[in-house]
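Hi everyone, thanks for coming.

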Amino acid sequence: MASSAEWHGRAPGRVNLIGEHVDYLGGLVLPAAVDRYTQAGGHAAPVWSVDSKVEGGLAFVRAVGQELGVEPQAVNVTSDIPPGAGISSSAALLVAVAAGLRPDIGGKEAAVLCQRAEQKASGVQVGIMDQFASALGRRGNALLLDCATLEYQLVPFPDDVAIAVIDSGEHRSLANTPYNQRRREAEAHEPRRMRHVDSEIARVHSFVDALHARDFTRMGELLKESHISLRDDFEVSTPIVDAIVERAWKAPGCYGARIMGAGFGGSILALVARAQTGAFTAAIDHPVLMCSTADGPFKS
Ligand code: GLA
């Protein structure tokens, strides 16, 4: 029961504006925390347990607890992050538990140990981006993160651009995708994979420049280029996702769209003029989540 909890933590989901499949190579990424949250609360108990409407959280909660070095807890979880919608419900769960159990640690430390917990619980060699964005995101901003040094800076993100996350309906568990294989190919510097990585990092720089200049058209073009690179060079898209992305490119108010996150199905990011979100949503025959930037639980 949440009411008998000794501790509480809350953490947001995240989007990634640009910089996909580069975090685990020490590249540059531009995620933002968004206004959908997971709450966790709990108390010490003889064994780890999770009470949640969504199954599968126990391995994650236990793994982060072990990383934090705390005794077993009975944990209650509530969330308004739709599972599988592509805004990192797992990172939000891990960060919520870390923030609840150890609000005294720094956000970077929390992100690193949540990343380790996710790797152990899922067997997927994920990068640091999702946990970092959930822990340290700031309302009104995206986070420009150098994954080699974990140095980051806030980049103001305009209120008049809505962040749309489209659910492709192709749900998958990352453990059943070639995510680890793509990571190995990129680490081995396979030429086509590297063409994506190098061009994507250049696009992150250009996107930040465009954001500062409020050049939303340019931002949209960069999303389109990112999608083509993820589709053709990194090969993480699917025909269903490609069809939705192409539909989004033509939808009212859309500056640009691309596959977001790990890929192999999952979700699509679109940036949309705030005044046209209704017309945009009506033009996409898949569920659309309209998001705004939000605060993570850690201050620094
Ligand atoms: C998943 C991982 C991240 C990152 C993206 C691809 O979301 O959790 O670390 O590698 O895929 O950019």
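Before the tour, one term: helices (H or I, at least four residues) and strands (E, at least two) are DSSP runs, numbered from the N terminus. Strand 4 gives the largest share of the lining of the largest pocket, four residues.

Now, a word on the model itself. It is a predicted one, where local features need pLDDT of at least 70 and side-chain atom pairs count only at pLDDT 80 or more, while totals for chains, interfaces and linings use all residues. Residues are numbered from 1 along each chain as its sequence is written, and side-chain values use heavy atoms, with hydrogens and water left out.

What do I mean by a pocket or a cavity? On a 1 Å grid over the protein atoms alone, a cavity is a set of points where a 1.4 Å probe fits but cannot get out; a pocket is an open set with protein on both sides within 12 Å along at least five of seven lines, and lining residues have an atom within 4 Å of a point. Grid points are joined across faces, edges and corners, and a volume is the space filled by probe spheres set on the points.

The largest pocket comes to about 1200 Å³. It has 48 lining residues, with Gly-84, Ser-88, Ser-89, Ser-90 and Glu-118 nearest its centre. Among the elements giving two or more residues to that lining are strand 3 (49-51), helix 2 (89-101) and helix 3 (107-122).

Where does the ligand sit? The space it takes is the largest pocket; sitting there means that more than half of its atoms lie within 2 Å of the pocket's grid points. Residues around the ligand (a heavy atom within 4 Å) include Arg-14, His-21, Asp-130, Tyr-179 and Ala-262.

Let's look at polar contacts, here pairs of N or O atoms within 3.5 Å. Ala-262 uses a polar backbone atom, 3.3 Å from an oxygen of the ligand. The protein covers 97% of the 310 Å² of accessible area that the ligand has on its own (Shrake-Rupley method, 1.4 Å probe).

Strand 7 (residues 161-167) gives the most to its lining, three residues. Phe-157, Arg-274 and Cys-291 are also among the residues lining that cavity.

Definitions and conventions
Polar contact = N/O pair within 3.5 Å; in protein donor to acceptor, adjacent residues only side chain to side chain.
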